[in-house]
Amino acid sequence: MSTGPGADSAPAPNRHHDAPTTSLPHLDRSPKRSLKRIPRRGSESGSKGGTFSSLRIRNYRLFATGQVVSNTGTWMQRIAQDWLVLSITGSSAAVGITTALQFLPLMLLGLYGGVIADRCPKRQLVLITQAAMAVTGLALGVLTLTGHVQVWHVYLTALALGLVTVVDNPARQAFLVEMVGPADLRNAVSLNSANFQSARLVGPAVAGVLISAVGSGWAFLLNGLSFAAPIAALLLMRASELHKVDPTPRGKGQLREGLQHVASRPELIWPIVLVGFIGTFGFNFPIWLTAFVNDVFHADASTYGLLNTLMAAGSLVGALLAARRGSSRMRMLVGAALGFGLLEITAALAPSFWVFALLLVPIGMCGLTINVTANSGIQLAADPAMRGRVMSLFMMVFMGGTPLGAPLVGWVTDVYGPRVGFLAGGVVSTLAAAAIGLVLLRAGGLRMRVGFRRGHPVVAFVSRQSSRREAEARVPATA
């Protein structure tokens, strides 16, 4: 399912150079020391670049193969779960409660999951979490196929899956850099998203057919069985080829230390704040799409699967475009968030089914761009010893905000209709992107730049003025 000292390829950044601020007063602005973007072709760490560069690495190939099988099953379960709850209760709010229960543990316990991820070997931890997720899918499948399933069973399964996700998300995200190293991290994050969205093209369509033909139970059962693929991939990996980061020893104040690390770094805090708003109010598609299919277009589960497939197609294109880009910029993140909100507003007012359906493609592209840009930039900016805690905070606000937003959005959708519910999510996303964009402009037009210095990944916020001075310094004076 979907994404300490001792790391040869990702050593702890030099504390005098890894937390640049707006003006970057501590960096030498001479041409030799200027912070450069990661080049598309080649890097100081030896990456060859290219859209699929991470797939050159055997361990990542195994991981990606296992994930595409498991992700297909995950999307089948998501569609089947939403449709099952709606068919039992007839309520969009009930779908929102199911979604909220799945993400509530992330909101309450997400940071502790990051502490666990930093303390334990990532590979072993992901093996355990993937096996636990398999059990939840198999249990719900058996309950549904035997005719004993009730809505509280779905609630309980969603909550159990959420508890496992608390540890799985930061561990799996932090494990990416151990498989590919820092130079290929952004590419690996993008391909991971492409992997997830490729499965999204297949999973919803298969789920729609299964639900219509034989019911939801087989979708749940197949999802449980699909976890055999990532478990086998993890077992087949060569430990000697991993870029290992030694687990952080147990100690007091590690949770507080992770929060202070984020709070003191603008290149960490601003992306996290933005994705918090987007994740809480803008990513409630299970609620909106089921409501549009059921109440606006009066269609069936196969139409719901089609809408998810169209959004996945846009997300897949966005992921592949992100894999080709060699840098993460804050303006890209803010621009994608602004486009995402405006497109949601437009879709909410769409006059016909096909206009609504086609708008889901660019919505998927913008949503994926937000995820990849924030994810890769934050991972590279974080101290390797704290990467699990930083990523747990990122996932907590991005996905864990859903328990706050989903019931509210579900209530608005039930009371005022699907169009108003979707419109509200788009308005909040647009206002959040605009507000953060204005804050950054008033701070001097900050740009998030990702690069390498002496083999160390470095992320910085750089003002336009300092960028101009660096550019002028590189241009020889003419008579």
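## How helix 4 and helix 14 cross

Helix 4 passes helix 14 in a right-handed crossing; a crossing is right-handed if the near helix is turned clockwise from the far one by less than a right angle, and left-handed if anticlockwise. This is a predicted model, in which local features need pLDDT of at least 70, side-chain atom pairs count only at pLDDT 80 or more, and totals for chains, interfaces and linings use all residues. Residues are numbered from 1 along each chain as its sequence is written, and side-chain values use heavy atoms, with hydrogens and water left out.

Helix 4 covers residues 151-180, and its axis comes within 8 Å of the axis of helix 14, crossing at roughly 125 degrees. Axes here are lines fitted to C-alpha atoms, for helices over the stretch in contact, and angles run from 0 to 180 degrees between N-to-C directions. Helix 4 and helix 14 are therefore oblique to each other, given that angles under 35 degrees count as roughly parallel, over 145 as roughly antiparallel, 65 to 115 as roughly perpendicular and the rest as oblique. Helices are DSSP runs (H or I, at least four residues), numbered from the N terminus.

Where do helix 4 and helix 14 meet? Asn169, Pro170, Gln173, Ala174 and Val177 of helix 4 are in contact with Arg387, Gly388, Met391, Ser392 and Met395 of helix 14, contact being heavy atoms within 4.5 Å. These residues divide into five nonpolar, four polar and one charged. Ala, Val, Leu, Ile, Met, Phe, Trp, Tyr, Cys and Pro count as nonpolar, Asp, Glu, Lys and Arg as charged, and the others, Gly among them, as polar.

## A closer look at methionine 391

Methionine 391 sits in helix 14, which spans residues 387-398. Is methionine 391 buried or exposed? Methionine 391 is buried, with a relative accessible area of 0%; buried means under 20% relative accessible area, exposed over 50%, and partly exposed in between (1.4 Å probe, protein chains only).

Leaving aside residues up to four places away in sequence, methionine 391 touches Gln173, Asn375, Ile378 and Gln379. The C-alpha atoms of methionine 391 and glutamine 173 are separated by 7.1 Å, although the two residues are 218 residues apart along the chain.

## Helix 9 beside helix 12

Let's move on to another pair of helices. Helix 9 (residues 266-282) and helix 12 (residues 330-348) pack at an angle of about 15 degrees, their axes 11 Å apart. Helix 9 and helix 12 are therefore roughly parallel to each other, and their crossing is left-handed. Helix 9 contributes Trp270, Pro271, Leu274, Ile278 and Gly282 to the contact, while helix 12 contributes Met330, Leu333, Val334, Ala337, Phe340 and Glu344. By class, this contact has nine nonpolar, one polar and one charged residues.

## Aromatic rings

The structure holds 16 aromatic pairs; rings of Phe, Tyr and Trp (its six-membered ring) pair if their centres lie within 6.5 Å, with planes under 30 degrees apart counted as stacked, over 60 as edge-to-face and the rest as tilted. Phenylalanine 283 and phenylalanine 340 have ring centres 5.0 Å apart and planes at 15 degrees, so the pair is stacked. Phenylalanine 283 is partly exposed at 27% relative accessibility, whereas phenylalanine 340 is buried at 1%.

The rings of phenylalanine 292 and phenylalanine 356 are also stacked, with centres 4.4 Å apart and planes at 15 degrees. Phenylalanine 292 lies in helix 10 and phenylalanine 356 in helix 13 (residues 353-381), 64 residues apart.

Definitions and conventions
Helix = DSSP H or I, 4+ residues; strand = E, 2+ residues; numbered from the N terminus.
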